[in-house]
Amino acid sequence: MDNTGRIMAFVIWIICSLLFVVIGIYVMKSKKTKPFGFWANAEAPEVSDVEGYNKALGKLWIIFGVGFAVDGLPLLAGQNSALIIISVIGAMFLSIGVMVYYTLCIEAKYKKK
């Protein structure tokens, strides 16, 4: 992959990470009285503090987006670089970490008992 290809791959990766950051900002700043969902095609849990829950969820998406962008830096090393495994494994562990944090911290704190 030439320089143009490397940069194009990195730009696409950054665009994807920016989408997560934009979603996070939207969720944080939203004035909706209904909690946002975290899991795909699943209802959001009933929460005790909708504003606090949405703010925490928005921060989580922003942190994920920034971490995802950093995970993409090895894409600049080139096509045949072994460093690309850092992006793949890093994105996987980052995703698992976000799911664990959501379940153990955010959902546990805000879910109605």
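**Confidence first**

I began with the predictor's confidence in each residue, pLDDT, which runs from 0 to 100. Over the protein, the mean pLDDT is 90, and 97% of its residues reach 70 or more. A reminder to myself: where pLDDT is low, the predicted coordinates should not be read in detail.

This is a predicted model, in which local features need pLDDT of at least 70, side-chain atom pairs count only at pLDDT 80 or more, and totals for chains, interfaces and linings use all residues. Residues are numbered from 1 along each chain as its sequence is written, and side-chain values use heavy atoms, with hydrogens and water left out.

**Overall build**

I found 3 helices and 0 strands, with the pattern α-α-α along the sequence. Both are DSSP runs numbered from the N terminus (helices: H or I, at least four residues; strands: E, at least two). The C-alpha trace spans about 55 × 25 × 20 Å along its principal axes.

Of the 113 residues, 35% count as buried (under 20% relative accessible area; exposed is over 50%, partly exposed in between, with a 1.4 Å probe and protein chains only).

**H2 against H3**

How do the axes of H2 and H3 cross? Helix H2 (residues 50-71) and H3 have axes that come within 10 Å and cross at roughly 170 degrees. H2 is therefore roughly antiparallel to H3, a label for angles over 145 degrees. The axes are lines fitted to C-alpha atoms over the stretch in contact, and angles run from 0 to 180 degrees between N-to-C directions.

I then listed the contact residues (heavy atoms within 4.5 Å). H2 contributes Gly 52, Leu 60, Phe 64 and Asp 71, among others, while those from H3 include Ala 91, Leu 94, Val 98 and Tyr 110. By class, I noted 13 nonpolar, 5 polar and 1 charged residues.

Next I went to the segment after H3, where Lys 112 lies. Not counting residues up to four places away in sequence, Lys 112 touches Glu 46, Val 47 and Ser 48.

Is Lys 113 buried or exposed? Lys 113 is exposed, with a relative accessible area of 89%. Lys 113 is also found after helix H3 (84-110). From Ala 91, 22 residues away in sequence, Lys 113 is 33 Å apart in space, C-alpha to C-alpha.

Note on methods
Parallel < 35°, antiparallel > 145°, perpendicular 65-115°, else oblique. Nonpolar A, V, L, I, M, F, W, Y, C, P; charged D, E, K, R; others polar.
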